[in-house]
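Thanks for coming. I have one model to show, so please look at the screen and then I will go through it.

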Amino acid sequence: MTTETRADTRMRYEAAGTDLGAALQLFSDAYDGAHFAARHTSRTFGYRFKAVGDASMSFRSTHFDAQATGEASSGDDYAVMWTTDGGGTVDVGRDEASFAPGHALVFPAGRPFVFEVEDVRQNLVHFDRRFLEGIAAEEHGGSAGAIVFDHTARPGTDDLRLWNAQVRRAAQVVLGATAPSPLVMAETARETALAMLRTFPHEQLAPEVTVPQGATSRVREAIEYMHAYAHTPITTTDVAEHVGLSVRGLQQAFQRQVGTAPNAMLRGIRMDRVREELRRGAPAELTVAAVAVRWGFAHLGRFSAAYAKRFGEYPRDTLHA
């Protein structure tokens with residue numbers, strides 16, 4: 001009688017050492033880093049990085065015995081992080097959130113953020129962006145779209161307890177000695193994604209992405225990227241880089257295929273989001289100025305005029321409707 005051994009489809013990566021320069025390069029590559037710098041502390045320096053998972057979800061663990069600063073990004077992932085030793089701050093100079101053992105937070109998504117850490121042991125769960133957004137759409141209803149997590153908000157004690165319990169169950173599958181089946185991996189990723197969405201405060205931005213007729217290939221991808229990350233301070237330069245074109249190449253492709261400039265389309269998408277927020281809000285809870293600034297419109301007079309031209313009414317009328 002023969003026993004069939006299941007192929008292990010999990011992706012694995014692990015590195016460790018005592019070279020500070022090699023550590024900085026490793027973590028910079030792993031988190032799309034820039035300006036990484038470090039200096040020794042009283043601890044003997046050492047580092048480790050381990051990642052195990054599949055295309056939908058991966059578990060990561062790191063340790064870094066030094067002080068470090070820099071700019072990082074979770075790329076196309078949403079990532080939850082918690083520490084067992086050391087601490088630091090993410091989104092320094094912006095929406096700062098400090099962490100220490102016992103704290104869990106979601107990294108800012110869709111944009112770089114500045115960080116400071118010292119002598120940390122961290123555990124992380126990474127979710128593929130499209131996977132988590134799809135689960136969120138099923139959970140909340142509507143179409144898939146970008147998710148904005150409030151990384152400064154602390155989850156409730158009961159919610160965090162449920163999250164920790166699910167992480168322990170998932171770790172037994174993802175990190176276990178026995179290769180799990182693709183079906184088990186998929187179900188584990190789904191359950192963990194739902195636990196994340198139910199634990200960490202967030203807002204789902206799920207407008208219907210309307211791609212103009214004639215848009216193909218990179219222009220379509222650029223428009224989808226604009227919709228997904230309109231809530232972040234991306235520019236047309238970022239959009240061009242994302243689809244592998246120069247800014248001039250992107251402008252020419254947009255004019256040729258959809259008859260408008262990419263910066264005009266991005267501005268229109270953001271104005272649509274402002275309108276959605278004003279429609280949902282109440283005059284006692286928010287102001288036009290606050291919403292406009294949040295979506296990147298700093299000059300209220302010009303914004304109001306452009307809004308009226310686009311929608312046939314002023315933003316204050318939308319808010320008070």
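Predicted model: local features only at pLDDT ≥ 70, side-chain atom pairs only at ≥ 80, totals over all residues.

Start with helix H7, residues 247-257. Which of its residues are buried? They are Gly 249, Leu 250, Ala 253 and Phe 254. Around the helix axis these residues cover an arc of only 130°, so they sit on the same side of H7. The face of H7 turned away from the buried side carries Arg 248 and Arg 256, both exposed.

What covers the buried residues of H7? The cover includes three helices: H5 at 217-229, H6 at 236-243 and H8 at 262-280. After H7 comes Gly 259, with a positive phi near 75°.

Two of those covering helices, H5 and H8, also pack on each other, and I will stay with them for a moment. Their axes come within 10 Å and cross at roughly 35°. The crossing of H5 past H8 is right-handed. On the H5 side, the residues in contact are Ile 223, Met 226 and His 227. On the H8 side they are Pro 262, Met 265, Leu 266, Ile 269 and Arg 273. Sorted by class, this contact has six nonpolar residues, one polar and one charged.

Now the salt bridges. How many does a search of the whole structure find? The count is 16. I will take a few of them.

With Arg 10, the side chains meet at 2.8 Å, N to O. With Arg 12, the N to O distance is 3.7 Å. Is Arg 10 buried or exposed? Arg 10 has a relative accessible area of 8%, so it is buried.

The next pair is Glu 277 and Arg 294, where the closest N and O atoms are 2.1 Å apart. This bridge links distant parts of the chain, with Glu 277 in helix H8 and Arg 294 in helix H9, residues 288-294. Glu 277 is buried, because its relative accessible area is 14%. Arg 294 is at 48%, so it counts as partly exposed; the cut-off for exposed is over 50%.

There is also a network of salt bridges, and its members are Arg 43, Asp 65, Asp 85, Asp 119 and Arg 121.

On to backbone angles. In general, most residues other than glycine have a negative phi. Asp 32 lies in the loop between helix H1, residues 20-30, and strand S2, residues 34-39. With 52% relative accessibility, Asp 32 counts as exposed. Another is His 35, also not a glycine, with a positive phi of about 60°. His 35 is placed in strand S2 itself. His 35 is exposed too, at a relative accessible area of 69%.

Last, two residues where sequence separation and distance can be set side by side. Gly 17 is in strand S1, residues 11-17, and at 25% relative accessibility it counts as partly exposed. Leaving out residues up to four places away in sequence, Gly 17 touches Gly 46 and Tyr 47. Gly 17 and Trp 82 are 65 residues apart along the chain, and their C-alpha atoms are separated by 22 Å.

Ala 321 is in the segment after helix H11, which spans 315-320. Ala 321 is exposed, with a relative accessible area of 88%. How far is Ala 321 from Ala 282 in space? The C-alpha to C-alpha distance is 9.2 Å, for a separation of 39 residues in sequence.

To go back to where I began: the buried residues of H7 lie on the same side of the helix, and H5, H6 and H8 are among what covers them. That is what I had to show.

How values were computed:
Residues numbered from 1 in each chain as written. Heavy atoms only, no water. Buried < 20%, exposed > 50% of the residue type's maximum accessible area, 1.4 Å probe, protein only. Helix = DSSP H or I, 4+ residues; strand = E, 2+ residues; numbered from the N terminus. Arc of directions from axis to C-beta. Contact = heavy atoms within 4.5 Å. Axes fitted to C-alpha atoms, helices over the stretch in contact; angles between N-to-C directions. Left-handed = near helix turned anticlockwise from the far one by under 90°. Nonpolar A, V, L, I, M, F, W, Y, C, P; charged D, E, K, R; others polar. Salt bridge = Lys/Arg side-chain N within 4 Å of Asp/Glu carboxyl O.
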